[in-house]
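I'll jot down what I look up as I go.

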Amino acid sequence: MKTEKTVNDLARLVGGEAEGTTTRIISGVAPLENAGEGDASFLESERNLTQAIASRAGCLVAPPGLDLPKKTVIRVRNPRYGFAQIIQVLFPPPPRRPEIHPTAQIGDNVTLGTEVAIGPYAVIGEGSRIGARSSIGAGCVLGEKIVLGEDCLLYPRVTLYAGTRIGCRVILHSGCVVGGDGFGYVMEAGQYHKFPQIGGVEIADDVEIGSNSTVDRGALEDTRIGRGTKIDNLVQVGHTVQIGANCVVASQTGISGSSVIEDYVVIAGQVGLGDHARVQKGAILGGQCGILPHKTVRAGQTVWGTPARPLREQLEQQALVARLPQLLQKLGALRTRNSTETARKNRPD
Amino acid sequence: MKTEKTVNDLARLVGGEAEGTTTRIISGVAPLENAGEGDASFLESERNLTQAIASRAGCLVAPPGLDLPKKTVIRVRNPRYGFAQIIQVLFPPPPRRPEIHPTAQIGDNVTLGTEVAIGPYAVIGEGSRIGARSSIGAGCVLGEKIVLGEDCLLYPRVTLYAGTRIGCRVILHSGCVVGGDGFGYVMEAGQYHKFPQIGGVEIADDVEIGSNSTVDRGALEDTRIGRGTKIDNLVQVGHTVQIGANCVVASQTGISGSSVIEDYVVIAGQVGLGDHARVQKGAILGGQCGILPHKTVRAGQTVWGTPARPLREQLEQQALVARLPQLLQKLGALRTRNSTETARKNRPD
Amino acid sequence: MKTEKTVNDLARLVGGEAEGTTTRIISGVAPLENAGEGDASFLESERNLTQAIASRAGCLVAPPGLDLPKKTVIRVRNPRYGFAQIIQVLFPPPPRRPEIHPTAQIGDNVTLGTEVAIGPYAVIGEGSRIGARSSIGAGCVLGEKIVLGEDCLLYPRVTLYAGTRIGCRVILHSGCVVGGDGFGYVMEAGQYHKFPQIGGVEIADDVEIGSNSTVDRGALEDTRIGRGTKIDNLVQVGHTVQIGANCVVASQTGISGSSVIEDYVVIAGQVGLGDHARVQKGAILGGQCGILPHKTVRAGQTVWGTPARPLREQLEQQALVARLPQLLQKLGALRTRNSTETARKNRPD
């Protein structure tokens with residue numbers, strides 16, 4: 001669904017100041033280079049100033065102070081956030097239909113809050129509780145004794161294993177699996193035997209988890225994902241991992257068992273964390289890096305490489321390795337000269 | 001289903017020349033080392049000549065000019081392609097049954113072409129259009145306003161989010177998820193807020209995508225996958241990524257948001273591309289390599305390592321690093337000698 | 001479900017010796033640091049002795065010989081295994097309900113063993129055979145002519161493509177896909193054409209495969225996973241791969257086509273194996289390492305890095321690379337001195 005607003009309306013909605021042709025009608029959004037007269041666009045700093053001035057966007061969301069002569073502008077402190085709010089206004093999500101499809105299989109003693117939506121062929125296990133206004137997509141399978149908070153959105157084909165507990169406003173994308181057994185075995189008499197995985201999974205409010213990601217249940221104690229943390233597609237969260245609040249974990253990262261990620265950590269794509277690693281508050285893990293088992297990344301540090309080290313060290317090292325051919329040449333020259341010197345010195349004067 | 005043909009028949013079918021016992025009945029296919037008299041096998045070059053001569057295969061598909069005395073041979077310019085055609089003849093796929101299972105949930109205003117097949121418990125959202133002869137497997141969930149072309153094959157449990165547009169002859173394997181939200185957030189007041197993902201996904205003709213792969217919808221504009229591109233299992237395609245035609249992307253590769261992959265690019269397994277990377281036409285990315293955000297890989301180049309660099313440089317560098325122990329030893333020797341020299345020189349003559 | 005036992009009971013069940021307050025009631029389990037009087041905990045060696053002595057656990061499972069004064073102890077040779085057995089006794093899995101849900105779609109000529117359980121909306125293709133006491137979760141889709149042994153456990157939303165053959169006591173977690181087409185194409189006239197994938201998949205007894213993992217069918221011959229092998233979440237097993245018995249493969253590892261993994265191999269997370277690689281018996285592949293195509297890892301070897309090399313070499317090399325700045329400095333000093341020497345020598349004495 002699509003709607004339209006004047007620049008003035010939008011400015012009011014995002015708490016910004018409108019400048020220029022503030023009665024202009026805006027009905028779309030686009031990047032600076034593709035925006036037309038009916039579109040809003042945004043820039044965050046001087047870096048995009050030239051592009052913004054060249055843009056045909058009917059309205060620019062921009063921070064105060066940037067000089068944008070003759071442009072229609074909405075000034076806000078955080079233009080990306082303001083722009084996101086404008087998108088939500090212009091492209092409101094389709095209205096929820098709080099209906100429970102007749103094919104949904106709902107077990108005994110399931111408690112459903114008001115206005116819950118359940119799609120076709122979804123299955124809800126015995127004794128589960130679904131909070132008000134939560135939506136469960138087609139083909140989702142929720143095991144027994146699930147607790148799901150209010151205003152959650154489960155896209156089609158999500159699996160929650162028995163006992164999983166999830167907060168409010170949580171979004172789980174299609175194919176994600178929460179609560180599967182952790183990867184634990186004991187070798188005895190030449191065979192691997194399953195180490196029972198009896199912990200659960202607890203996901204706090206405002207978490208989002210991407211498509212086909214997997215979050216294992218704890219071995220003895222719960223796996224936990226903290227409030228406001230966002231996890232991308234195809235991410236693996238191992239058993240008994242503790243992830244704090246307001247973290248972001250990009251696609252295809254794997255977090256091994258019992259690792260601890262503190263609040264506000266940023267993890268790029270394809271990162272690997274060994275078991276029992278600890279990443280302290282606000283640290284940043286660069287793409288594809290590897291944290292060894294039992295290692296700690298210090299608060300606020302940015303690390304990269306495998307084994308991960310502080311970014312600056314890693315870059316220096318990479319630069320040095322790149323200079324190796326040159327280094328080798330110099331060493332060769334030195335040896336030649338040295339031999340010549342030695343030869344000269346050793347001949348009878 | 002399995003059928004059988006004479007060598008002559010097969011030669012005719014693949015447009016090749018038959019030599020030897022051309023009336024021999026062939027009913028199977030196998031690698032050179034395991035093939036028996038009823039089997040066809042193939043070789044592409046002299047590299048497998050010894051193996052081919054030792055093989056018991058009843059028929060060898062081979063390029064012209066390779067000397068294969070006493071063998072029954074079908075000569076074709078591209079033996080692998082000829083062999084693939086022979087497999088299709090001997091092992092035709094089971095006949096399609098163009099039936100719509102009574103349990104399929106088909107929304108209002110859905111348009112179905114002729115001979116569409118829809119499996120049990122599949123769900124098709126309102127306003128979707130399914131082209132002629134397309135098959136939708138059991139448990140697939142297609143959102144609203146999907147466009148799916150003709151002769152597509154969706155294996156069981158595929159999810160297409162609302163608005164996804166797919167061409168003809170596209171194959172999507174089980175568990176793959178197309179059109180999930182891209183991973184975009186804005187930090188405001190210490191919290192991540194969702195940046196609405198309002199772009200779509202457009203997949204061109206003849207694309208194949210493997211099991212449990214994920215293709216995110218665009219942030220503002222569409223994510224696109226070009227004609228004839230083949231994507232393996234567990235691959236992540238981020239929001240607004242543009243993949244050209246005739247690319248191959250191997251398993252577990254991740255392509256971050258807004259990256260551009262031009263035509264005929266080959267990407268090996270577990271490769272990571274940062275956001276806004278560009279890979280020009282015909283480039284090859286080696287296994288596990290990492291392309292940094294905003295970087296360009298030049299047309300036709302083969303790169304490897306993280307950060308990725310031209311393969312030859314990367315190999316040279318690896319060789320030099322491997323020689324470091326030796327290098328260090330030489331440097332040590334040089335220092336010792338130098339110190340001795342210096343000591344000698346400094347003593348009173 | 002939860003039960004309770006005396007220390008004596010538990011000791012008898014695991015074949016161990018009880019010491020201390022052996023009539024104490026144990027109803028839970030916990031790690032040493034969090035265990036209370038009703039909990040069992042365990043330690044394997046002196047490494048955790050201090051923690052064990054400080055623990056409030058009502059019962060410690062420990063190896064013979066460790067001095068644990070005043071503690072209630074169950075002595076067993078393999079405490080981790082004993083502890084796993086105790087968990088199974090105290091937390092028995094919920095009883096199976098061998099019911100076939102009325103919504104399950106069971107094709108013609110399907111053979112079901114005794115006490116088979118099939119969940120809602122599961123689909124079983126024609127001609128399949130399901131062994132006694134096997135459970136097939138909600139929303140699973142099994143193609144035609146599947147063979148599934150006895151006592152298997154398929155969690156919800158597993159897909160088995162047609163013809164897959166699976167042994168007894170196999171556990172497949174939610175979202176895993178077995179038997180999808182391998183990634184094989186032939187280039188002809190500038191287009192990729194599908195190389196038909198006509199091999200199958202054979203999974204032996206006692207295998208476990210994690211959530212959203214993918215196992216491709218063979219190209220010409222079967223993909224095989226040996227007895228007792230355990231595979232984690234989001235793992236990719238390519239076409240015609242041969243995995244031996246009693247291996248463990250951690251999360252997000254990718255094994256390319258035609259690779260061979262012999263028995264008792266341990267593969268850490270995010271490892272990549274090129275096609276036709278071979279890993280001999282008992283080798284260990286470190287996290288994120290990369291085995292090049294056609295390479296062999298020797299029996300018993302531990303390797304790491306990309307390209308993978310023996311762990312000790314890899315660590316030495318890493319240490320040397322880390323010393324490069326120092327090395328460079330020394331080389332610089334040497335050059336300076338050398339130049340000075342040369343200058344001195346060349347001046348007229």
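This is a predicted model: local features need pLDDT of at least 70, side-chain atom pairs count only at pLDDT 80 or more; totals for chains, interfaces and linings use all residues.

I started with Val29(B) and looked for its bridge partner in β5(B), which turned out to be Ala40(B). Helices (H or I, at least four residues) and strands (E, at least two) are DSSP runs, numbered from the N terminus. Residues are numbered from 1 along each chain as its sequence is written, while chains are lettered from A and ligands numbered from 1 in the order in which they are written.

Next I checked the strands around β5(B). Strand β4 (residues 28-29) of chain B runs parallel to β5(B), joined by two bridges; strands pair if DSSP finds at least two bridges between them. With strand β6 (residues 59-62) of chain B, β5(B) pairs in the parallel sense over three bridges. Here I found Ser41(B) partnered with Leu60(B) in β6(B).

Then I asked which residues of β5(B) are buried on each side. I found Asp39(B) and Ser41(B) buried on one side, and Ala40(B) and Phe42(B) on the other. Buried means 20 or more other C-beta atoms within 10 Å of a residue's own, exposed means 12 or fewer, and partly exposed is in between, with C-beta atoms placed from the backbone.

I logged Glu202(A) as partly exposed because it has 18 C-beta neighbours inside 10 Å.
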